[in-house]
2 protein chains.
Amino acid sequence: MRPALIVVDMQNDFCLPSSRLFVAGAAVAIDGVQRAVAGFRAAGAPVIWVIRQHRPGGEDVDRARQALFREQPFLASSPGADLADGLAVAEGEVIVVKRRWSAFFATDLDLVLRRLGIDTVVVAGVQTPNCIRATAVDATSLDYETVVLSDATASADDTVQAANLSDMANMGIRIATVEETVRGLATA
Amino acid sequence: MRPALIVVDMQNDFCLPSSRLFVAGAAVAIDGVQRAVAGFRAAGAPVIWVIRQHRPGGEDVDRARQALFREQPFLASSPGADLADGLAVAEGEVIVVKRRWSAFFATDLDLVLRRLGIDTVVVAGVQTPNCIRATAVDATSLDYETVVLSDATASADDTVQAANLSDMANMGIRIATVEETVRGLATA
């Protein structure tokens, strides 16, 4: 098993309660992501940071969000696009910028994972029904073993979180806690 | 017709004679690219700058060039990755970073062109048999009207340049000079 941790969208614009894009469960996810990142680093397994970012001109903003973007340019070169407090990219870790839900859509993530010889994609971040699920579905479509970390992801509420994890489990995506996943790295 | 000019790889590492990736015809291309950029800007048509750039760790460097990259990290965050002298991105113009030959491969170029309502892709830059041709072939595969500028592209020598332009013409890609293309913008 050659796993990589893919941390998705852990940015201020999704994690700060004052933001219009705030994900209610984000604080929980930060704690889980921190533990996952620490575990992968300790095991020498790659951590890849996927961030959503937009050009100041908005040419790459989702059609449905263009009006909102013109009003308040979220995720452009602004503090909102920075990683949430308590998270930081370590030297040598890869950053992938994305424009849409899935971390694979119109990005070079697959290209980097292939080069690193990764066969198992472990997904963490926010939010579960949108970017986490889209990324996990693409990962499994691309034939990666795919794991979603139940306690390092978050949704607007517990009902949405549970329904999405259940749907993904039915698609063959493994749902696991940070603790069991990190323990698996040590014994692999 | 809604055309955009796609300027490919006009960077020091390809354009400076001292570089190991130097393209012999690059100086000719710089002059042509300057005229094309001026013409598109004057007509209010988008200019998009595609640059090849690599992460310092080399995770996204082509397999065939990895040994060379370890020796001399071309196209990383270095002066070699900067645009050649005489070329500059204007405010509001889009930059797309690519990792491989085609400007469409593992990038969001197609996504941006769709949003801008572009139907005609005009390709300029270096070098013709590699990145220019790969980009033009993908553009035509994606159903864009595709034009390659004969005097704003360059190859190692005239034979290679002519053979590639001829091959592309046979694939339905239009080969045109900067002057006739810019004139077409004015009358469109």
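Reader: Why are A:Glu179 and A:Arg183 said to be separated by about one helical turn?

Author: They are so described because they stand four residues apart in helix H7 (residues 178–187) of chain A, where helices (H or I, at least four residues) and strands (E, at least two) are DSSP runs numbered from the N terminus. This is a predicted model, in which local features need pLDDT of at least 70 and side-chain atom pairs count only at pLDDT 80 or more, while totals for chains, interfaces and linings use all residues. Residues are numbered from 1 along each chain as its sequence is written, chains are lettered from A and ligands numbered from 1 in the order in which they are written, and side-chain values use heavy atoms, with hydrogens and water left out.

Reader: What makes the meeting of the side chains of A:Glu179 and A:Arg183 a salt bridge?

Author: The distance from N to O is 3.4 Å, and the term requires a side-chain nitrogen of Lys or Arg within 4 Å of a carboxyl oxygen of Asp or Glu, so the pair qualifies. A:Glu179 itself has 54% relative accessibility and therefore counts as exposed (buried means under 20% relative accessible area, exposed over 50%, partly exposed in between, with a 1.4 Å probe and protein chains only).

Reader: What do B:Arg35 and B:Asp151 tie together?

Author: Their side chains meet in a salt bridge at 3.3 Å, N to O. B:Arg35 lies in helix H2 (residues 26–43) of chain B and B:Asp151 in strand S5 (residues 145–154) of chain B, so the pair ties together parts that are 116 residues apart in sequence. Both partners are called partly exposed, B:Arg35 because its relative accessible area is 35% and B:Asp151 because its relative accessible area is 23%.

Reader: What makes B:Arg133 and B:Asp167 a link between parts of chain B?

Author: B:Arg133 and B:Asp167 form a salt bridge whose closest N and O atoms are 3.0 Å apart. Since B:Arg133 belongs to helix H5 (residues 128–141) and B:Asp167 to helix H6 (residues 158–170), both of chain B, the pair ties together parts that are 34 residues apart in sequence. With 22% relative accessible area, B:Arg133 is partly exposed, and B:Asp167, at 34% relative accessibility, counts as partly exposed too. Elsewhere, salt bridges that share partners join A:Arg55, A:Asp60, A:Arg99 and B:Asp108 into one network.

Reader: How many salt bridges are counted between chain A and chain B?

Author: The count is four, and one of the pairs is B:Asp108 with A:Arg55, at 3.1 Å from N to O. Between the two chains there are also eight residue pairs in polar contact, both residues at pLDDT 80 or more (a pair of N or O atoms within 3.5 Å; within protein, one must be able to donate a hydrogen and the other to accept it, and residues adjacent in sequence count only if both atoms are side-chain atoms). On the side of chain A that touches chain B, strand S3 (94–98) and helix H4 (109–115) of chain A each supply at least two residues.

Reader: Why is the relation between chain A and chain B that of a two-fold axis?

Author: A rotation of 180 degrees, with 0.0 Å of shift along its axis, superposes chain A on chain B with an RMSD of 0.0 Å (least squares on the C-alpha atoms of residues with pLDDT of at least 70 in both), and that is the relation of a two-fold axis. The same surface serves both copies, since 100% of the contact residues of chain A recur in chain B, where contact means heavy atoms within 4.5 Å.

Reader: What makes A:Phe14 count as buried?

Author: Its relative accessibility is 6%, and so A:Phe14 counts as buried. A:Phe14 is found in helix H1 (residues 12–15) of chain A, and, not counting residues up to four places away in sequence, A:Phe14 touches residues including A:Leu75 and A:Val126. A:Leu75, at 0% relative accessibility, counts as buried as well, and A:Leu75 has a positive phi of about 60 degrees although it is not a glycine. A:Val126 is joined to A:Gln127 by a cis peptide bond, with omega about -15 degrees. Most residues other than glycine have a negative phi, and most peptide bonds are trans.
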